[in-house]
Amino acid sequence: MGMSRRDFLRGGALAAAGVALTGRPGEASADAPQTRIKGLKSSTTICPYCAVGCGLLVHTKDGKIVNIEGDPQHPINHGSLCSKGSSLFQVAVNENRLQKVMYRAPGSDKFEEKSWDWAMDRIALRLKETRDKNFKAKEINKKDNKEYVVNRTEGMAFFGGAGLDNEECYLWSKFSRAMGVGMLEHQARL
Amino acid sequence: MTNHWIDLKNSDAIFIIGCNPAENHPISFKWIEKAMDDGGKLIVADPRYTRSASKADIYAQLRPGTDIAFLGGMINYALQNNMIHEEYVREYTNAAFIINEKFNFQDGLFCSFDDQEKSYDLKSWAYENDAAGNPKRDMSMKDPRCVYQLLKKHYSRYDADMVCSITGTKKEDFLKVAKTFCATGRADKAGTILYAMGITQSTHGTQNVRAVAMLQMLLGNIGIAGGGVNALRGESNVQGSTDYGLLFNSLPGYLKLPEFANTDFKAYIEKYTPKTKDAKSANWWGNTPKYITSLLKAWYGDNATPENDFCYNYLPKWSSNYSYSKIIERMGKGEVEGLVCMGMNPAMGGPDSNSARGALDKLKWLVTVDLWQTETSIFWKRPGVNPKDIHTEVFMLPAASSVEKEGSISNSGRWAQWRYKAVEPVGESKSDLWIINQFFKRVQALYTKDKGVFPEPITKLAWNYGDGHEPDVHLVAKEINGYFTKDTTIVDKDKTLEFKKGDQVPMFKYLQADGSTTSGCWIYCGSYTKEGNQMARRDASDPTGLGLFPKWSWCWPLNRRIIYNRASVTPDGAPFNPKRPVIAWDALEKKWKGDVPDGPWPPMKDAKEGKYPFIMLAEGHGRLYALDMKDGPFPEHYEPMESPARNQLSKVQNNPLVKIPANISSDLVKFPLIGTTYRMTEHWQTGGMTRSLPWLVELVPDMFVEISESLAKQKGIKKGDKVKVTTERGAIEAVALVTSRLKPFNVDGKSVEQVGMPWHFGYSGLAKGDSANLLTPTVGCANTNIPEFKAFLCNIEKGGTKA
């Protein structure tokens with residue numbers, strides 16, 4: 001489209017100026033002339049791959065993502081991205097993404113589609129059954145033969161969190177411990 | 001990281017050991033190259049000539065699992081050649097502390113080893129106290145029982161010849177590394193050490209990290225700009241997930257989950273609140289009662305009162321090791337009914353994946369929450385099994401991606417950065433926040449209606465995040481920060497501060513132990529205040545020019561960009577390096593300038609209020625000699641569990657605290673080669689987030705293994721050939737990549753070849769391939785249990801059929 005890399009970056013920087021102060025979703029700068037992002041909405045995000053924490057701009061039109069690129073104003077990456085970060089668009093727009101709740105019955109050879117309501121009710125039942133059946137209020141310690149309160153369920157394990165947001169990690173921790181789950185672990189142990 | 005990414009530009013020497021940032025944290029190289037442009041030296045020690053090594057001024061080849069020998073050799077080099085930062089070592093570390101006379105080290109073992117229990121009595125390594133109960137010190141550091149002398153003696157065994165015979169490094173390369181990096185021991189020079197899983201994934205991983213930290217303390221490199229102990233974290237929010245306590249023995253903010261022996265709140269507080277009699281020690285963990293009380297108030301709200309120990313009894317108490325590998329082991333025995341995986345893929349991510357997959361077969365139910373179908377969610381139809389034989393009920397829930405929801409993540413430099421929702425989640429997928437909320441609300445409804453066993457921890461949980469379709473993430477973030485539960489007056493020195501019930505707590509200094517404050521994670525207190533969401537800030541000003549960017553996002557603790565920064569100044573408060581001052585004491589205004597200091601007190605020398613710089617330790621001094629490591633106060637070299645070599649430093653072959661599991665083999669006839677695993681730019685972790693993206697799949701479509709030209713010749717393997725790699729655990733098929741970037745090691749006079757492989761491939765996704773974790777051993781670090789993925793024994797043969 002007859003545009004040098006420098007022009008392109010300048011356009012990006014101008015567009016970014018539209019979100020620079022807040023980073024919240026807003027109009028990509030209408031002043032950005034002749035760029036492919038004119039008239040698009042823009043918001044900032046942080047890369048979901050490694051923990052460098054590079055900034056990106058997400059451009060949308062009519063509620064759909066049309067472009068994702070490095071945020072030139074971000075002090076860590078100044079708009080640069082690696083091959084993974086540059087591919088974030090394909091995480092958002094990808095036919096392989098899961099779109100439905102899927103269920104596989106014991107012994108079955110296939111998944112079947114289910115509603116959230118159905119699955120969540122059934123999962124809640126499993127969580128409760130397993131917790132109740134395997135709940136240990138007290139146990140005898142083998143070393144001193146004394147009884148201790150432990151209030152813990154041994155029946156289930158909860159894994160994961162390095163891909164969640166902080167607020168999600170927090171609620172995951174809070175929920176896990178309220179359930180009495182001792183076996184809470186995630187990627188940091190690996 | 002003690003420091004942060006941009007700060008790498010301030011280094012005079014960057015030492016990369018056990019990581020490969022050019023490959024795995026590519027954008028960090030922007031700042032490494034900036035340092036190099038300004039004259040900084042880049043040093044890389046690695047088993048392979050990596051992308052990072054290709055940019056280095058000095059490259060040293062290092063056999064997998066021998067980092068302590070290498071780092072111990074550098075410690076010895078610094079001590080023997082007087083290259084340490086003496087004032088820093090004497091004043092800020094425990095070098096001058098006297099150790100009790102029972103302490104001893106002989107033939108590879110520290111004193112008090114119990115061969116039956118495979119454990120040490122940590123008390124036998126204690127400091128010697130004076131009459132007042134403070135550790136005795138000899139500021140001349142000449143006492144033979146002071147840490148400095150013990151350290152010198154311990155590492156005198158690690159001379160360059162011994163080190164290189166163990167590590168396989170060329171002596172001239174080792175000496176170049178030691179000389180160049182130890183040159184940063186000067187007050188006006190900064191050296192940083194970057195590491196990742198090459199250091200941690202070892203049966204002595206924690207001691208590897210300690211060796212890094214010790215070298216940095218000796219050189220005066222902690223707390224300063226361009227310095228630090230910098231773990232390069234591999235997942236976008238693994239810093240945050242660790243901060244929020246998603247580990248079996250942890251609560252948010254690095255508080256401890258109670259153990260069975262902490263029978264009530266008082267006992268818990270007693271156990272986890274360190275004490276000191278030294279007025280100069282800030283002993284920050286002395287604030288534990290405030291933080292745990294504020295956490296319990298955030299969790300149990302008005303139900304948490306002083307009378308009921310703030311609902312302390314609702315917390316589960318652990319009594320045996322529930323680390324990841326131990327859970328898989330229990331699962332394999334059929335002792336675990338259910339598993340919920342939030343974006344985690346245990347069919348792939350752990351060691352000895354065949355066993356892990358077999359363990360999943362024993363589950364009664366499994367819930368996976370992910371963007372993709374993963375190897376875990378389809379484990380029941382994996383190659384080689386009949387779904388009919390697997391009776392696990394599986395729920396595969398679709399999760400929203402990072403651009404389809406709002407919230408914060410914390411990078412390796414502890415910057416919590418806010419992300420916005422750009423679009424609605426695809427299809428029927430939902431944010432993890434929504435999913436966790438639904439788990440809780442539906443379970444709570446069941447317990448409210450049907451009762452059940454000990455329902456109170458669930459029915460009484462405070463869970464108030466609005467009435468919307470999903471929880472209001474801002475309300476969650478505010479709860480994490482914390483608020484006052486009643487009108488409160490706080491007198492802080494000459495200021496009197498008035499807070500109303502419901503006000504956000506401005507910083508963790510004001511958290512209370514009486515229930516008048518909440519905070520879901522004390523280290524994040526200050527992240528969401530009356531002034532708003534600090535994590536969303538985008539002011540790119542950099543007043544010091546050091547790249548601190550104090551108004552861009554927010555970092556814990558207290559927006560302090562370089563932690564332990566009180567160690568960057570002399571005891572008088574003057575910067576060791578006036579050209580790159582992190583903080584400096586202004587004696588006229590009586591305050592610190594620069595970064596947020598590690599505590600408000602005046603410089604250490606101030607007779608009334610001065611404090612030591614290592615504020616998280618009861619003795620206030622950095623520990624060259626550790627008191628709480630299970631496997632010794634000093635890192636000592638032991639061989640990896642599977643090793644081609646005998647331990648040349650002592651008769652003790654492996655870390656004596658780690659039990660040798662059944663499927664370990666050091667049979668060099670069957671497995672003569674060193675195997676090691678790693679990551680690459682184009683793929684990520686178990687591949688869920690990359691092997692379904694056409695762009696990335698096109699870049700790297702196949703599972704491959706790397707071997708040297710000499711090994712290829714010996715085995716008749718050509719580039720592109722299918723090969724089979726085997727270990728005691730299993731076999732994989734892959735494409736051979738013959739490269740001059742891998743070379744055999746010269747170990748104890750013998751040549752030993754290596755096989756390198758990424759671990760990103762699996763049986764789900766667009767690009768499929770065998771997982772390297774089918775080969776890796778389930779044996780872990782004595783302190784943390786992180787598996788030894790980096791060093792094992794294997795064999796390779798031409799031809800692709802699996803065993």
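Trainee: Which residue of E4(A) is the bridge partner of Val58(A)?

Mentor: In this predicted model, Val58(A) has Ile68(A) as its bridge partner in E4(A). As a general idea, strands of a sheet pair through backbone hydrogen bonds, and they do so in either a parallel or an antiparallel sense. Here strand E3 of chain A, residues 55-61, runs antiparallel to E4(A), and six bridges join the two.

Trainee: In what order do the strands of that sheet lie, and which strands are at its edges?

Mentor: The sheet is an open one of four strands in chain A, ordered E1-E2-E3-E4, and the pairing is antiparallel. Its edges are strand E1 (26-27) and strand E4 (64-70) of chain A, each of which pairs on one side only.

Trainee: How should I picture the side chains along such strands?

Mentor: In a regular strand, the side chains alternate between the two faces of the sheet.

Trainee: With which strands does E5(A) pair?

Mentor: Strand E5 of chain A, residues 101-104, pairs in the antiparallel sense over three bridges with strand E6 of chain A, residues 112-114, and Val101(A) has Lys114(A) as its bridge partner in E6(A). E5(A) also pairs with a strand of chain B, namely E14 (residues 393-398), again antiparallel and over three bridges; in that pairing, Arg104(A) stands opposite Val394(B).

Trainee: Why is one side of E15 and of E21 in chain B left without a neighbour in the sheet?

Mentor: The sheet concerned is open and antiparallel, with three strands of chain B in the order E15-E16-E21. Strand E15 (407-410) and strand E21 (554-555) stand at the edges and have a single partner strand each, so one side of each is left without a neighbour in the sheet. Strand E16 of chain B, residues 415-419, pairs with E21(B) in the antiparallel sense over two bridges, and Ala416(B) stands opposite Trp554(B) there.

Trainee: What does the radius of gyration say about chain B as a whole?

Mentor: A compact globule of 803 residues would have a radius of gyration near 28 Å, and because chain B has 27 Å, its value agrees with that expectation. The C-alpha atoms of chain B fill a box of roughly 80 × 70 × 55 Å along the principal axes, and the chain contains 20 helices and 31 strands.

Trainee: How much of chain B is buried, and how many of its contacts join residues 24 or more positions apart?

Mentor: Of its 803 residues, 65% count as buried. Among contacts in chain B with a separation of 6 or more, 70% are between residues 24 or more positions apart. The accessible surface of chain B is about 27900 Å², with 50% of it belonging to carbon and sulfur atoms.

Note on methods: Residues numbered from 1 in each chain as written. Chains lettered and ligands numbered in written order. Heavy atoms only, no water. Rg over C-alpha atoms; globule rule 2.2 N^0.38 Å. Buried < 20%, exposed > 50% of the residue type's maximum accessible area, 1.4 Å probe, protein only. Contact = heavy atoms within 4.5 Å. Areas by Shrake-Rupley, 256 points an atom, 1.4 Å probe, with all protein chains shown as cover. Pairing = 2+ DSSP bridges.
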